[in-house]
Amino acid sequence: MKRAAPVAGSRDATVDLKNRIQERLIAELDPSIDIAQTAEVRATIQEMFETMLLEESIVLTRNEKRRLFESIVAEILGFGPLEQYLSMDGVTEIMVNGPKHIYIERGGKIQRVNVEFEDDDHLMRIIDRIVAPLGRRIDEGSPLVDARLPDGSRVNAVVPPISLNGPVLTIRLFSKIPYTVENIIEFGTVTPEAIEFLKACVIARLNVLISGGTGSGKTTMLNILSGFIPDGERIVTIENAAELQLRQDHVVTLESRTANVEGRGTVAIRDLVINSLRMRPDRIIVGEVRGGEALDMLQAMNTGHEGSMTTAHANTVRDVLSRLETMVLMAGTDLPHRAIREQISSAINLIVQVDRMRDGTRKITSISEIQGMEGDIITTSEIFRFEQTGIENGKVIGRLRPTGLRPKFMWKIQDAGIMLPPSIFGIGTRRGRN
């Protein structure tokens, strides 16, 4: 009886054995089998796999056999070498810089992992498997694509000739179980006092903008705040790739669309925002504004769709106001700057600034009210501010504290029947002991 090279042995022998069995499995699988029925397909593959090992007199240890089988299943049903990291606890990002360089972000730190694709074609097959079910395509003619996995995780792929080091794949993973308020308080992202204030703002139908840099946790915070919307309200969500995981019953989810193979069929975020106004929404939630749709979002907030929310990329509260002004101009309007600022100041009530700290943790660093205009300047008032007190063992130490100021929109919260204690704003308590 001959013995094949074990999985732990020569890499070339292992790859050859895996490819040979995999090709035979694919050839012999019933073409009509429903791949979506994962458990049934997995059982079928295992039965065929065991038969092939016997027929070819291949002897492997139990661990070698298990690793080989899981690797083959990942290629047929999943995402190849990446499969193990998609379900690994604590992994928030997978970055593939060509077939031989794969990195993950875990616990806020980036590290290289000891797996790789065979070649560019192998990586391209996995990318195609991700984008094809969504009606997207990626090739030399369309070398950029945004997509999502079935669980909502965000995917971006870039291929040659745009990428010079082979196909590049980035996957932003989301928790299989959405983070709860208790989770983000435990993580130190926010304090119980601040979250009580934010909950009151959402219930009172204040318009909220969440600002932050890439990977700062804007979508997670939008999910948390959206969870405070009372049942019974009609919510329309608009995103480039559907990521929000709202638990309310009356939710309509819209997703933008890129052009098809013929270059037609584009549906932009702005088109969806305009259309959503005809869908009788109580609240509109836009995953992110990054262009001319900012104008339509502001107008929706100003014309009866109170309690709407969105996110935007910016490093500070002042930066996001400047960015909003620029995005409104991208809509092709010829509005004077003062008119745009008046739109912003009357539409948005609250800005929540979320930042990724140097230790990889995400924290709310500022909660600010937009108070109005003074001359040509939008005025803001900071209600909560993160105060860093030091660094211990590489961890940022600090707390989100009230500034002692009450927002001018408190009457709206009170009209909603919510009475917040003065202590939430640091009134009546010694500063620094909240």
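Residues are numbered from 1 along each chain as its sequence is written, and side-chain values use heavy atoms, with hydrogens and water left out. In this predicted model, local features need pLDDT of at least 70 and side-chain atom pairs count only at pLDDT 80 or more, while totals for chains, interfaces and linings use all residues.

The chain contains 13 helices and 15 strands. Helices (H or I, at least four residues) and strands (E, at least two) are DSSP runs, numbered from the N terminus. The C-alpha trace spans about 85 × 55 × 40 Å along its principal axes. Of the 434 residues in the chain, 48% are buried; buried means under 20% relative accessible area, exposed over 50%, and partly exposed in between (1.4 Å probe, protein chains only). Among the contacts (heavy atoms within 4.5 Å) with a separation of 6 or more, 56% join residues 24 or more positions apart. The chain exposes about 21,100 Å², and carbon and sulfur atoms supply 50% of this area. Accessible areas come from the Shrake-Rupley method with a 1.4 Å probe; for residues, only the protein chains shown count as cover.

The chain carries 53 positive and 58 negative side chains. Lys and Arg count as positive and Asp and Glu as negative, whereas His and the chain ends are not counted. The centres of the two sets lie 5 Å apart, with each charge placed at NZ of Lys, CZ of Arg, CG of Asp or CD of Glu.

Val-155 has Ile-171 in strand 6 as its bridge partner. Axes are lines fitted to C-alpha atoms, for helices over the stretch in contact, and angles run from 0 to 180 degrees between N-to-C directions.

Another open sheet consists of nine strands in the order 9-8-10-11-7-12-13-14-15, and its pairing is mixed. Strand 9 (251-255) and strand 15 (395-402) are the edge strands, each pairing on one side only. From one strand to the next, the twist averages 25 degrees. Eight bridges link strand 14 (residues 377-392) to strand 15 in the antiparallel sense, and Glu-387 has Arg-399 in strand 15 as its bridge partner. Helix 9 (residues 269-276) lies across strand 8 (235-239), strand 9 and strand 10 (283-286), running at about 170 degrees to strand 8. Helix 10 (residues 293-302) lies across strand 7 (208-212), strand 10 and strand 11 (309-313), at about 150 degrees to strand 11.

Helix 8 (residues 218-226) is mostly covered, with eight of its nine residues buried; among them are Lys-218, Met-221 and Leu-225. Thr-44, in helix 2 (residues 38-55), counts as partly exposed because its relative accessibility is 29%. Thr-44 and Phe-117 are 73 residues apart in sequence and 25 Å apart in space, C-alpha to C-alpha.

Note on methods:
Pairing = 2+ DSSP bridges.
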